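The sequence and structure come first.

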Amino acid sequence: LLRSDVPLNMLHEVTQIAMGWWNCHLYDFEAHGRHFGNLETADGDDRIEDDTKFTLNDIAAQIGDSFVYVYDFGDGWQHQVILEDVIYPPQQTEMIACCIVGRRACPPEDVGGVPGYAEFLDVIEDPQNEERVERLEWAGGDFDPNSFDLRGVNLRLIELMGALQEISEPSRV
């Protein structure tokens, strides 16, 4: 669940948390033939519009609207995001996002896109494969492709909200 007024740069942060990635690569939102991203990393690409100035509602306002989120141009993770429903909370909430369901683990960073992830799974699921231990260590020591930590995702979203509040509050001396 996402607030419709979430800026696209924050939508990127929320997506990183939900996927379990570490925000190590460039990203892009594409909607209605326009591209939105971080201007500091756009490297002069004048097609990229400032993602801090646009919200989720600007690119997907009606049920069925969709856009593409691309992460890690080398690995090429493309996500089609579709607005499934619009709900109105009984009161205004400060929470910008809440994960209500998830399934399966996210591919590790830098695994090589879809083909690299398929190869990674083949290796780690074969106890006879000589590269199995090395690949598992590379992925953090243990990797269960069928796991999803809903509580962990929501705790990281709460931490993100806390960090945002600290940034927006004036410092007190």
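Which helix gives the largest share of the lining of the second largest pocket? Helix H1 (residues 8-19) does, with four residues.

## Basis of the model

This is a predicted model, in which local features need pLDDT of at least 70 and side-chain atom pairs count only at pLDDT 80 or more, while totals for chains, interfaces and linings use all residues. Residues are numbered from 1 along each chain as its sequence is written, and side-chain values use heavy atoms, without hydrogens and water.

## Overall fold

The protein chain has five helices and five strands, in the order α-β-β-β-α-β-β-α-α-α along the sequence. Helices (H or I, at least four residues) and strands (E, at least two) are DSSP runs numbered from the N terminus.

Of its 173 residues, 35% are buried (under 20% relative accessible area, 1.4 Å probe, protein chains only).

## Second largest pocket

The second largest pocket holds about 210 Å³ of space. Among its 15 lining residues, Asn9, Tyr27, Asn38, Asp51 and Thr52 are the closest to its centre. A pocket is an open set of points on a 1 Å grid over the protein atoms alone, with protein on both sides within 12 Å along at least five of seven lines; lining residues have an atom within 4 Å of a point. The volume is the space filled by probe spheres set on the points.

## Glu109

Glu109 sits in the loop between strand S5 (77-82) and helix H3 (113-124). The side chain of Glu109 makes a polar contact with that of His25 at 3.4 Å (N or O atoms within 3.5 Å, one able to donate a hydrogen and the other to accept it).

Key:
1 Å grid on protein atoms, 1.4 Å probe; cavity = no way out; pocket = protein on both sides within 12 Å on 5 of 7 lines; lining within 4 Å. Buried < 20%, exposed > 50% of the residue type's maximum accessible area, 1.4 Å probe, protein only.
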